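Let's take a walk through this protein model together, one piece at a time.

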Amino acid sequence: MPALGALPIAGLAVFYAWPFATLLGRVLRPSSIGDTLHSPGIGRAIWFTCWQALVSTVLTMAVGFAPAYVLARYRFRGRRAALAIVTVPFMLPTVVVGAAFLALLPDGWHGTAAAVVLAHVFFNVAVMVRLVGAMWAVLPTDLTAVARTLGASPGQVLRHVVLPLLRPALYAAASVVFIFTFTSFGVVKLLGGAKHSTIEVEIARRATQLGDIDGAAVLSVVQLIVLAVVVWWSARWQRRAQHTFTAGHSTRRPRSRSERRGVALVMAITVAAMVAPIAVMTARSFRTSSGWSLTPWRTLGANEVRPGISLGVDPLGSLAVSLRYAALATVISVVFGGLAALTIASARRHGRLLDAGLLLPLGTSAVTIGLGMLITFDTGPFDWRAAWWLPPVGHALVAIPFVVRSLLPTLSSIGADQRLAAVTLGASPLRAWWEVEVRRLPAPLLSAAGFAAAISLGEFGATTFLTRSGRDSMPIAIDRLLGRTGAVPHAQAFALATVLFVLTAAVVAVADRQEADDARRA
Amino acid sequence: MLDVRDVSLSFDGHPVLQRAALQVPTGDVVALLGPSGAGKSSLLRVIAGLLVPDTGTVWLDGREVTHVPPHQRHIGLMFQNEQLFPHLDVAANIGFGLRMQGATKTAIATRVEELLTVVGLQGFGQRRVAHLSGGEAKRVALARALAPRPAVLLLDEPLTGLDRELHDRLALDLASILRSTVTAAVLVTHDHDEAATVADRTVVLGADMT
């Protein structure tokens, strides 16, 4: 089936490799590297990027520890719901999280590093709960029981047995959180104010406000190098820390009264912390300077605040734009991702190369993707900057690796045996491929489509470069509204962010349910 | 002297132990038999302090320990699947209990060497536990349980999963090791021959136990 692979490879070449090569071309001039690294603000941005990522990672690990433990070890009523609530923030658009923390935190906190770090912790607790919790759940309880009988207190068991054995998961979670917070864009842009910008925000500022494309390109390559080092390092650490143990199954009901109280307390605090920012944001969308009001919602469709005075932002229009983008991005990423997954699954060795190629955009930050496309498609027959389909193509580039990832398990579980069995039963090879592989796809495709749509709806980094005024997507419109002064635009931003939250949560819920159904059927 | 009095325990409303009683005088090795589901393992966990009984008490050398946490009881426990610490080598596994007590490095090293000799594994100290054979892993688990000199040693089907020849050899070794080192031991098993080889007397859980 090599012909099938041609389409995703061509797409990757045009929309990822070419822009990336253009970007590198800008960087490989010594003068631009020197100029950029000595220009004012760079040192501060790099310093802030590093330390906020470190602090966010350490805090996320610390805060996520208790919920990860409780959700991994105990069975109790509402556990599945709690797990879903803790996981949701991770899937939310960065702009929604940024807006929610603007709504939640008092004005004095806006523009502070603390606000950025808090939002990052909120965002990433799910990583801790999911990655570390998954490993904790299979850690045999008999192992810790033995340690107890050998004289280890609960604290000693944690320090000498549990933590060393969880180390691979802890490293994995730490590196994922570090990478996400290191490349944080939306949250920092909304909450960091003028004084705090990450490399990612600085790239966007240079490219879109200062017109310093070379500087932006240099920064994005610097960032890419740092990320590559972190990924390589953490993979090495994880391998070294790996120990084999027989997986146990160890969830149980809390037994004593103090255990029940502990479980209830940890879950209550966690769920409250997860719900509060979104709830406050929704509440504040009904709040204007004159008290509670429906005005912000009612005026979402109106481009003008007062007759003749335009806001320059069309909130309801952005909803239509976002839905259109999401539809196109979903179709593109499902078609390309589906073909790529089929190719990877049937052409094992070369498939791995394509697989790695498709993961590259994932490793490249969204802002870098946007910047690359901006500076590549600006001349000659390829001047696509004004094309309405360019933003969704960028979104699809970000989403395709996820689509491939969610389809591959189904495809590679089928294996050659089943295809062979179909052929011996009298099916032609093509028919066998169709019956055994393609027909198996619709269910995982639907869930992949859901995740692609969610990614597109919330995409902010690449869109910042590719958007054209009058065609703002929801994240862009929310950012613009928050930049205006006045209670009504802010309340409108919160209203729009609430809509985006509901849309994303609904799409993710559908995709998630589909995935759960698949798992049950398998 | 271990004394279990009238212990009852239930999980989620299902009774597991009903008024179980057991006495093991110092120096005695008792084999605990009974059909699966009779609560043998649960009784061991109650003695070790890993489970707290609904009613009844556990006494150790004249002291009531029913609510004393496991790490303060001085009771050794060896599971059927050895549950060696995969991140530690053989010596660190055996020395774990002493390290938790804050023993000095030299004291730990001396005791570890001593126990490696007792279980017949001289020179195995630096081995990784993942590279041990089934019989070797059981010997390490036994040495680890013995290292802190527990007042009572509990063995939960310690020889299950070995081939016949190895099983019989280890049963003899276990019998002599228990005779020479431990003050009291309870052995849970399905195997009557094993019980006869290792233990001084046999108690059937579910029947009259005194």
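This is a predicted model: local features need pLDDT of at least 70, side-chain atom pairs count only at pLDDT 80 or more; totals for chains, interfaces and linings use all residues.

Strand 1 of chain B and strand 2 of chain B are antiparallel to each other and are joined by 7 bridges. To find one such place, look for Asp3(B), whose bridge partner in strand 2 of chain B is Gln23(B).

Strand 1 of chain B also pairs with strand 4 of chain B, again in the antiparallel sense, over 5 bridges. Here you can pick out Arg5(B), with Thr57(B) in strand 4 of chain B as its bridge partner. From strand 4 of chain B (residues 55–60), 2 bridges lead on to strand 5 of chain B, and these two strands run antiparallel as well. On this side, Trp59(B) stands opposite Glu64(B), a residue of strand 5 of chain B.

What holds such neighbours together? Strands of a sheet pair through backbone hydrogen bonds, and they can do so in a parallel or an antiparallel way.

Next, step back and view chain B as a whole. This chain is divided into domain 1 (1–74 + 150–169 + 182–210) and domain 2 (82–149). The centres of domain 1 and domain 2 of chain B, taken over C-alpha atoms, are 24 Å apart. Where the two meet, 11 residues of domain 1 of chain B are in contact with 9 residues of domain 2 of chain B.

The model has 2 cavities of 30 Å³ or more, and the largest cavity has a volume of about 70 Å³. Among the residues lining the largest cavity are Met78(B), Arg139(B), Leu142(B) and Asp173(B). Helix 4 (134–146) and helix 5 (164–181) of chain B each give at least two residues to this lining, and the largest share, 4 residues, comes from helix 5 of chain B.

The second largest pocket brings chain A into the story. It holds about 1500 Å³ of space and is lined by 45 residues, with Thr141(A), Arg252(A), Arg255(A), Glu259(A) and Leu50(B) lying nearest its centre. Among the elements that each supply at least two lining residues are helix 3 (42–73) and helix 12 (257–284) of chain A, along with strand 1 (2–11) and helix 1 (40–48) of chain B.

Which residues touch the most other members of the largest nonpolar core? Of its 111 residues, they are Met281(A), Leu371(A), Phe465(A) and Ile478(A). Helix 17 (residues 390–424) of chain A gives this core its largest share, 12 residues. Both domain 1 (1–18 + 296–522) and domain 2 (39–284) of chain A contribute at least three residues to this core. Apart from it lies another core, of 58 residues, including Val132(A), Val7(B), Leu9(B) and Leu43(B).

Notes: Residues are numbered from 1 along each chain as its sequence is written. Chains are lettered from A and ligands numbered from 1 in the order in which they are written. Side-chain values use heavy atoms; hydrogens and water are left out. A nonpolar core is a set of buried Ala, Val, Leu, Ile, Met, Phe, Trp, Tyr and Cys residues joined through side-chain atoms within 4.5 Å. Buried means under 20% relative accessible area, exposed over 50%, partly exposed in between (1.4 Å probe, protein chains only). Domain bounds come from an automatic or database domain assignment. Two strands pair if DSSP finds at least two bridges between them. On a 1 Å grid over the protein atoms alone, a cavity is a set of points where a 1.4 Å probe fits but cannot get out, and a pocket is an open set with protein on both sides within 12 Å along at least five of seven lines; lining residues have an atom within 4 Å of a point. Grid points are joined across faces, edges and corners, and a volume is the space filled by probe spheres set on the points. Contact means heavy atoms within 4.5 Å.
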